[in-house]
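Okay, everyone, thanks for coming. Let me put the structure up and we'll walk through it together.

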Amino acid sequence: MQTVNSTDSVNMNSSHQKEVLDYAKSLPPRFKAARAVEEMEAEVATRTVKEWEQAHPELGAVADLGWPEAVADVRVVLRAAALGMLMDDTDYAETRSAITVRRALDFLDVPAGAVNDLFNVLANTARETLPPAAADLLYPYLSCLAASARPTVV
């Protein structure tokens, strides 16, 4: 849609047409990957939270931290990344859900490095847990979240 919209009332040239056709051809594996994410969503989210807690014992358990809905929130982020993968929109998960998780953790005084690590753990857990083809398709959409969580150096 971005390509189609960028041509705004102009006939698509051959490179635009190729880009749209390549995306259309990529949809069947994207849908298969999204189904794999849906089937393993709970496992990926639960494992992510457990590994993040183990990596940051100084924070304590997420429930003690004041974040009892951690697994549910991570599931929402994972689901949004899968939707972003379907749409080929690397910003979708950030604007749809990750920013809310980031704000909640900031409110709970979780250090920025630990927040960044949550998204790294999620990306790596998905890569290790999902079938390889699904993991390969989804990983760029999750690693974007990890990258956007890094503090900006001024």
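Predicted model: local features only at pLDDT ≥ 70, side-chain atom pairs only at ≥ 80, totals over all residues.

**How H5 and H6 cross**

H5 covers residues 92-107 and H6 covers residues 112-129. Their axes sit 10 Å apart, and the packing angle is about 145°.

Which residues of H5 meet H6? On the H5 side you've got Ala98, Val101, Arg102 and Leu105, and from H6 come Val115, Leu118 and Phe119. Sort the residues of that contact by type and you get six nonpolar, one charged and no polar.

Now the inside. The largest nonpolar core has 43 residues, and Trp52, Trp67, Leu130, Leu138 and Leu142 are the ones with the most contacts inside it. Our pair, H5 and H6, each give two or more residues to this core, and so do H2 (14-55), H3 (62-65), H4 (70-87) and H7 (132-149).

Take Leu142 from that list. Leaving aside neighbours within four places in sequence, Leu142 is in contact with Leu78, Ala81, Leu122, Ala123 and Ala126.

On the contacts in general: looking at those with a separation of 6 or more, 67% come from residues 24 or more positions apart.

The accessible surface comes to about 8,900 Å², and carbon and sulfur atoms hold 56% of that.

Notes. Residues numbered from 1 in each chain as written. Heavy atoms only, no water. Axes fitted to C-alpha atoms, helices over the stretch in contact; angles between N-to-C directions. Helix = DSSP H or I, 4+ residues; strand = E, 2+ residues; numbered from the N terminus. Contact = heavy atoms within 4.5 Å. Nonpolar A, V, L, I, M, F, W, Y, C, P; charged D, E, K, R; others polar. Areas by Shrake-Rupley, 256 points an atom, 1.4 Å probe, with all protein chains shown as cover. Core = buried A, V, L, I, M, F, W, Y, C linked by side-chain atoms within 4.5 Å. Buried < 20%, exposed > 50% of the residue type's maximum accessible area, 1.4 Å probe, protein only.
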